Amino acid sequence: MSKGKSNYTSQLRYKFPLPIHPIDDLPLLILHNPVSWICYLYKYMKSHNRLQKRIHVEINGDSFPHILVEDQGQMIYLWDNGFFGTGQLSRSEPTWRSRTSIRLGINDDTLQNEQSAKSQVALEKLTERRRQQRLEFKRERDKSEKQLLELRRKGGSIEEEEALLEKEREALREYKANQLLKSVDEEEPNELRMEDENLIDENGRIIKLESLQLMPVEAIFLSYALPVIDIPIPELMERLCGGTVEYETIHKLITRYVAYHHYRSHGWCVRSGIKFGCDYILYKRGPPFQHAEFCIMVMDAEVPRDYTWYSTVARVTGGARKTFVLCYVQRLVSQDKILEAWDRKDFTTIFSSYKVAEVIYKRWVPGKNRD
Amino acid sequence: MEVLHKRHELEELVKNNLLHFQLWSNVQVQNEYIPWKGMELRLLTGKPSQKLSNDDENLGTDGTLMTEYILPINMSQYKTEFITIQCLDMIFEKLCPEYVKRLVLAIVSDDGTTVFYFAYKGIHKPKRN
């Protein structure tokens with residue numbers, strides 16, 4: 001993957017870390033020129049950095065709400081400005097329409113960000129190709145192991161066995177080297193399927209099938225911490241947790257949000273950790289720039305876990321070369337105080353009634369980890 | 001009589017994901033269902049675009065890939081939906097033909113991703129890596 005090689009276009013495209021931008025078009029302030037002060041002040045008072053129009057979200061599903069942004073422009077805006085949300089039919093950035101138009105060979109002039117779409121397509125193609133190659137390699141390896149088994153069954157000598165092993169190893173090595181030489185471009189175009197016919201509307205354009213989905217905590221952040229989406233925070237919380245609540249029903253959401261807000265406000269790009277079996281993963285800047293460095297598991301300070309639980313999660317995150325962080329969220333006031341504030345819709349009081357502390361958990365092997 | 005909660009939206013999401021992201025074909029939501037904790041549990045059926053695992057000798061009589069049986073499940077950051085062994089047993093018994101040895105669990109998370117896992121009927125030899 002071409003992560004890390006951040007080029008000029010992506011620097012420009014992902015210029016802002018959040019959907020709200022600083023005011024950066026103020027006139028020059030010249031200290032010895034009072035007129036420039038007036039200009040500056042006037043411009044300063046007049047400008048604002050609110051969004052012209054709040055981003056519209058739909059909330060579907062009753063017991064398990066799905067928070068969706070459906071407008072194509074707004075989907076891209078949220079992705080470009082802080083990497084919020086996930087395309088429901090994509091790995092993360094909502095690229096389904098561009099991918100599909102390329103797969104079906106349809107030119108669609110309504111598609112924005114054509115260039116970046118293409119590079120993204122290449123990325124997803126590359127992953128697919130790599131998976132395919134790994135499968136083929138395993139199939140090849142299987143074959144050679146069957147030969148070995150056959151030899152043993154016939155009662156071959158150890159020398160014969162070793163000769164066969166050596167030969168097979170060499171063959172596999174060669175196979176792998178040949179695989180690496182093949183480039184993505186050599187691939188034959190995909191065949192069209194019957195199902196693809198339903199994807200094209202009467203104007204010959206790809207239909208809009210994909211929405212951008214926001215995690216509940218992302219939606220809370222974009223409503224409570226930043227004025228970005230068009231649903232007020234009391235309404236959103238009621239939609240997520242229901243009208244009358246008990247502490248148990250809101251505890252998990254509050255602690256997850258407190259952790260999310262904590263990392264966002266320290267400048268991290270926080271995304272879901274579902275693929276690594278944890279709550280969040282942290283990117284220094286965002287997915288196009290580098291791999292996530294940290295896996296975060298949000299913990300209740302009071303609840304003990306058995307040792308196998310820790311080692312299970314740590315082995316998965318360690319396997320993905322990420323640092324495993326236990327993020328303890330501790331409630332500082334009584335449950336009743338939280339519920340009272342909930343009834344008053346005083347979410348600032350609620351969120352600031354929790355303390356966050358982190359511990360890094362690392363598997364240590366005496367023979368290997370010498371430094 | 002209890003009114004069972006339908007899961008159309010979830011089923012539709014998984015169907016679209018399989019058809020238009022994973023590029024499966026012939027994806028259908030089954031009509032039959034079993035009641036489970038106030039919900040109507042339905043399976044989806046479909047054919048993958050390629051073999052799902054190298055260990056599979058899962059070829060049909062005509063040499064094409066076998067139909068897979070998919071169970072959609074909700075997952076959330078702050079709520080849980082339980083699928084128990086008892087529930088899986090019932091599904092194997094009532095919603096699948098006798099020869100079906102495994103289900104594909106389609107776990108729809110509330111962050112917009114869908115992840116897939118196998119659930120086998122009984123004991124299964126571990127997958128080779």
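Colleague: What makes you speak of domains in chain A, and where are they?

Modeller: This is a predicted model, and the bounds come from an automatic or database domain assignment. Chain A is divided into domain 1 (123-181) and domain 2 (222-361).

Colleague: How far apart do the C-alpha centres of these two domains of chain A lie?

Modeller: The centres of domain 1 and domain 2 of chain A are 45 Å apart. Along its principal axes, the C-alpha trace of chain A spans about 90 × 55 × 55 Å. As for its elements, chain A has 12 helices and nine strands.

Colleague: Why is the pair A:E93 and A:R13 called a salt bridge?

Modeller: The name requires a side-chain nitrogen of Lys or Arg within 4 Å of a carboxyl oxygen of Asp or Glu. In this pair the closest N and O atoms are 3.0 Å apart, so the pair meets the cut-off. A:E93 lies in the loop between β3 (86-87) and α4 (96-103) of chain A, while A:R13 sits in helix α1 (residues 8-13) of that chain, so the bridge ties together parts that are 80 residues apart in sequence. Over all chains, the structure holds 15 salt bridges.

Colleague: How many salt bridges join chain B and chain A?

Modeller: Between chain B and chain A the count is zero.

Colleague: Which elements of chain B give two or more residues to the side that touches chain A?

Modeller: They are α1 (8-20), β1 (25-29), β5 (68-75) and β6 (102-109) of chain B. Of these, α1(B) gives the most, with six residues. By class, this side of chain B has nine nonpolar, 16 polar and seven charged residues.

Colleague: What makes residues count as part of this contact, and how many does each chain give?

Modeller: Heavy atoms must be within 4.5 Å. The contact takes 32 residues from chain B and 42 residues from chain A. Together the two chains bury about 3400 Å², with 52% of it on carbon and sulfur atoms.

Methods
Residues are numbered from 1 along each chain as its sequence is written. Chains are lettered from A and ligands numbered from 1 in the order in which they are written. This is a predicted model: local features need pLDDT of at least 70, side-chain atom pairs count only at pLDDT 80 or more; totals for chains, interfaces and linings use all residues. Side-chain values use heavy atoms; hydrogens and water are left out. Buried area is the accessible area (1.4 Å probe) that two parts lose on being put together, summed over both. Helices (H or I, at least four residues) and strands (E, at least two) are DSSP runs, numbered from the N terminus. Ala, Val, Leu, Ile, Met, Phe, Trp, Tyr, Cys and Pro count as nonpolar, Asp, Glu, Lys and Arg as charged, and the others, Gly among them, as polar.
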